[in-house]
Amino acid sequence: MDSDFSTRILGAADRDALHALFEGSGRLVPQHPDYPTASSGDSARWIGVFRGEDLKMAVPLAERPGRIGMKSLQSPLFSSFGGLVQARADSSASDHKKESLWRGCLEAFHAAVAGQADRIEVVFPPGIADLRCLAWNGWTIRPHYNYVTRWKTDGEWRDRCESTVRRQAKKAEGIGLGFRVANAGSTDELKELWKVNAAKQKLDAGLAARIATLGQWLEQRGTGFVIAVHDEEGKPHAAGLFGFDESRVHYLAGASNPERRGSGAPTLLHFALLAEIERRGLSRCYDWVGANTPQVARFKRGFNPELEVLFAATLESKRWKSLQTAKSLLR
């Protein structure tokens with residue numbers, strides 16, 4: 001590692017420097033200094049990379065339950081990408097100097113986290129593509145797919161939707177479903193739907209508590225809201241938690257009732273969301289947060305979004321790889 005660079009876990013004394021880095025970055029929701037703790041709890045940490053006394057890059061990582069006896073670190077939850085923030089390069093600097101700074105930061109980050117967990121995964125924000133330095137240090141680099149809907153004129157998003165999607169929304173309204181927009185902290189219905197899905201889809205039911213904390217944080221900042229779809233009896237069919245910044249509206253968490261599949265509730269939820277973006281005058285860029293499984297991609301593709309390719313970097317220990325090999329042999 002270049003001796004000009006150093007790293008440490010950022011603490012209270014680094015808060016001003018981290019906020020300054022955030023203000024000079026894309027200022028996206030997952031990049032906010034408080035997002036990692038709000039979404040992932042006290043295990044979340046910012047790894048700071050310094051050049052001399054100047055904070056040049058910060059990467060958030062959160063501990064997640066790993067396999068027995070193993071530790072796993074990853075980008076904070078409920079976002080399509082991690083919150084890496086970096087200092088803007090001097091506009092007068094040569095491309096060589098800009099690349100050297102970037103590589104130096106990545107090299108220092110690698111040196112700081114290698115060996116700290118059996119598996120480490122970072123999903124990088126939009127626009128970050130040069131991860132060669134990590135690849136040269138043993139990280140696996142792979143594409144991470146995401147959908148984004150962008151539009152300019154009112155109702156344009158609706159016209160883009162496939163006819164089957166529009167029919168689903170009409171079907172939902174036809175059977176008496178409606179929606180309600182609430183403050184971001186109003187996550188009770190979403191939490192219950194998440195738990196129901198967790199039991200049936202082998203998800204982590206404990207994340208419902210994290211959804212509540214994230215919603216409270218968004219409400220305190222005034223940068224989020226909840227939408228819930230109900231039937232005529234007031235029973236929830238689907239709900240979602242959304243956060244927004246100057247550039248995007250983010251689908252942070254959502255769930256639908258598996259006992260009421262086919263009602264069209266998830267489609268109506270997103271029709272309500274896209275209309276709410278227009279009503280509030282928010283950025284007309286909706287981040288669907290992920291398109292990496294056939295079922296999820298199939299549903300979201302019906303809204304005719306753009307495919308956004310991000311990059312994920314993963315570093316695995318020999319123990320982790322050996323366990324993966326053993327599992328493969330037992331199948």
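**Notebook: salt bridges and cores**

I started with arginine 15 and aspartate 34, whose side chains meet in a salt bridge at 2.9 Å, N to O. Arginine 15 lies in helix H1 (residues 15–23) and aspartate 34 in the loop between H1 and helix H2 (35–40), so the pair ties together parts 19 residues apart in sequence. This is a predicted model, by the way.

Next I looked up glutamate 306 and arginine 150, which form a salt bridge at 2.8 Å, N to O. This pair links distant parts of the chain, strand E13 (residues 306–316) and strand E7 (residues 140–150), 156 residues apart.

Then came aspartate 154 with arginine 284, whose closest N and O atoms are 2.5 Å apart in their salt bridge. Both sit in loops, aspartate 154 between E7 and helix H5 (156–160), arginine 284 between H9 and strand E12 (285–287). Aspartate 154 counts as exposed because its relative accessibility is 58%, while arginine 284 is partly exposed at 24%.

I also noted a salt-bridge network of Glu99, Arg103, Asp130 and Arg132. My count of salt bridges came to 23.

On to the nonpolar side: the largest core has 30 residues, and Tyr286 is among those that touch the most other members. Helix H9 (265–280) is one of the elements supplying at least two residues; H9 gives the most, eight. I checked the contacts of tyrosine 286 beyond four places in sequence, and they include Trp151, Phe242, His270 and Leu273. A second, separate core holds 26 residues, including Met57 and Cys105.

Last, I looked at asparagine 197 in helix H7 (residues 188–201). Asparagine 197 counts as buried at 7% relative accessibility, and its side chain reaches the backbone oxygen of leucine 193 at 3.0 Å.

Key:
Residues are numbered from 1 along each chain as its sequence is written. This is a predicted model: local features need pLDDT of at least 70, side-chain atom pairs count only at pLDDT 80 or more; totals for chains, interfaces and linings use all residues. Side-chain values use heavy atoms; hydrogens and water are left out. A nonpolar core is a set of buried Ala, Val, Leu, Ile, Met, Phe, Trp, Tyr and Cys residues joined through side-chain atoms within 4.5 Å. Buried means under 20% relative accessible area, exposed over 50%, partly exposed in between (1.4 Å probe, protein chains only). Helices (H or I, at least four residues) and strands (E, at least two) are DSSP runs, numbered from the N terminus. Contact means heavy atoms within 4.5 Å. A polar contact is a pair of N or O atoms within 3.5 Å; within protein, one must be able to donate a hydrogen and the other to accept it, and residues adjacent in sequence count only if both atoms are side-chain atoms. A salt bridge is a side-chain nitrogen of Lys or Arg within 4 Å of a carboxyl oxygen of Asp or Glu.
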